[in-house]
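Please read the points below beside the coordinates.

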Amino acid sequence: MPVIACIDDLKQLYRRRTPKMFYDYAESGSYTEQTFRENTSDFAKIRLRQRVARDLSGRLLQTEMIGEKITMPVALAPVGSTGMQSPDGEIKAARAAAKFGVPYTLSTMSICSIEDVAAASPTPFWFQLYVMRDEDFVDAIIERARKAKCSALVLTLDLQILGQRHKDVRNGLSSPPKLTIPNLLNIATKPAWAMGMLQTPRRQFRNIVGHVKNVGNLSDLTAWANEQFDPKLDWSKVRRIRDQWGGKFILKGILDPDDARMAADFGADAIIVSNHGGRQLDGAVSSISMLPSIVRAVGDKVEVHVDGGIRSGQDVLKAVAMGAKSTYIGRSYVYGLGAMGEAGVTKALEIIQKELDISMALCGERDVKNLGPHNLLIPRDFEGDWVA
Ligand SMILES: Cc1cc2nc3c(=O)[nH]c(=O)nc-3n(C[C@H](O)[C@H](O)[C@H](O)COP(=O)(O)O)c2cc1C
């Protein structure tokens with residue numbers, strides 16, 4: 001077993017063990033991938049202030065998200081087709097998160113269904129909703145999430161229309177995968193993945209199959225999903241969904257202070273500063289560079305969360321010190337899942353927790369709740385120079 005010291009080690013192992021088309025699906029951004037790259041590279045521009053000669057005993061990483069107690073300021077972001085990265089991937093990720101004490105968010109576009117995950121997860125999870133044109137489907141899936149006792153609804157706002165990822169087009173990505181000769185040859189080199197997939201019945205979008213009319217076979221399914229994202233999603237629909245759900249409500253995909261103010265006025269419990277991991281509007285700025293102006297715009301009106309490019313505990317520290325109440329990881333846990341299944345997701349969380357703890361101590365802090373701008377050195381031109 002190779003030594004795993006950091007998230008990048010998990011990524012290397014994930015690359016070896018998972019079919020190329022699914023590795024490419026996760027490890028890509030839209031178009032030129034500028035936003036995807038800058039989500040991570042902008043973290044490197046922010047520096048931490050080293051402080052010394054302080055009592056560093058009894059450190060605390062625990063905090064809350066939307067009133068839920070969590071072991072550290074990290075949640076698992078919704079990631080579509082996680083069950084193709086590892087057989088029953090959503091169940092494995094949900095279990096790892098529950099045991100660790102951080103929230104897991106199940107995507108609408110998951111392979112395991114809401115009911116599959118509810119039956120396997122020891123604690124309630126969050127459900128991420130994509131608004132589809134088919135209103136009956138949307139109504140029904142909200143009710144299914146309620147019945148499964150999901151403790152928050154995360155409504156994604158930045159994918160009404162799909163950005164193109166060139167690698168997916170070239171790989172003929174679909175769920176289940178198109179059995180082209182290159183894909184078959186590649187899958188033949190990943191025997192553990194293939195065996196696991198043969199042994200599980202969960203190989204297609206189970207939130208959808210059997211829950212919409214006219215989607216009987218698998219090619220109908222991919223076509224249905226791609227055409228269904230609702231281009232008419234606007235604030236009036238957001239209100240309707242908020243009222244229909246009635247529980248904890250998080251708006252995901254906010255990258256502009258004006259939209260952040262709108263979301264806060266809507267009474268959302270939290271917003272997620274996000275550009276969908278650089279998979280939608282290529283050319284948009286990184287999430288971390290927009291975080292300070294969004295925090296300023298909303299003040300205490302709404303909890304601010306952030307995702308995009310987090311690959312270490314130091315990144316989590318920077319985001320929290322810049323005003324995020326908490327963060328989400330997407331690819332960092334997918335690497336762990338593809339590398340080692342549930343144990344790999346746990347490993348990713350452990351790595352980030354340890355890095356966060358040690359880096360926080362070296363900044364002279366004992367409690368994650370005390371982190372703030374005083375822990376950072378930010379270059380003058382880092383943010384605030386974007387001219388609308
Ligand atoms: C492979 C993949 C699939 C994703 N699927 C979804 C999804 O179904 N719903 C959603 O709201 N966001 C989705 N996202 C975006 C993530 O929730 C999150 O915003 C992003 O991964 C954060 O960036 P990071 O991967 O750099 O941590 C996806 C991201 C990836 C990488």
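How many residues line the largest pocket, and which lie nearest its centre?

1. The largest pocket has 46 lining residues, with Tyr-25, Gly-80, Arg-165, Asp-168 and Arg-279 nearest its centre. Two or more residues of this lining come from each of α2 (20-26), α8 (166-171), α11 (218-228), β11 (326-329) and α16 (331-362). Helices (H or I, at least four residues) and strands (E, at least two) are DSSP runs, numbered from the N terminus.

2. This is a predicted model, in which local features need pLDDT of at least 70 and side-chain atom pairs count only at pLDDT 80 or more, while totals for chains, interfaces and linings use all residues. Residues are numbered from 1 along each chain as its sequence is written, and side-chain values use heavy atoms, with hydrogens and water left out.

3. The volume of the largest pocket is about 970 Å³. On a 1 Å grid over the protein atoms alone, a pocket is an open set of points with protein on both sides within 12 Å along at least five of seven lines, a cavity is a set where a 1.4 Å probe fits but cannot get out, and lining residues have an atom within 4 Å of a point. A volume is the space filled by probe spheres set on the points, which are joined across faces, edges and corners.

4. The lining of the largest pocket comprises 20 nonpolar, 18 polar and eight charged residues. Here Ala, Val, Leu, Ile, Met, Phe, Trp, Tyr, Cys and Pro count as nonpolar, Asp, Glu, Lys and Arg as charged, and the others, Gly among them, as polar.

5. The ligand sits in the largest pocket (more than half of its atoms lie within 2 Å of the grid points). Around the ligand are 22 residues, the closest being Pro-78, Ser-107, Tyr-130, Thr-156 and Asp-307 (a heavy atom within 4 Å). This shell has seven nonpolar, ten polar and five charged residues.

6. Oxygen atoms of the ligand lie 2.7 Å from a backbone N or O atom of Pro-78 and 2.7 Å from a side-chain N or O atom of Thr-156. For Gly-80, a backbone N or O atom is 2.8 Å from a ligand nitrogen. The protein buries 99% of the 600 Å² that the ligand exposes when taken alone (Shrake-Rupley method, 1.4 Å probe).

7. The second largest pocket holds about 310 Å³. Its lining numbers 17 residues, and Leu-157, Asp-158, Gly-253, Leu-255 and Asp-259 lie nearest the centre. Both α12 (235-245) and β8 (249-254) give two or more residues to this lining.

8. There is one cavity of 30 Å³ or more. Tyr-130, Val-131, Thr-156, Leu-159, Gln-160, Asp-230 and Leu-233 line the largest cavity.

How values were computed
Polar contact = N/O pair within 3.5 Å; in protein donor to acceptor, adjacent residues only side chain to side chain.
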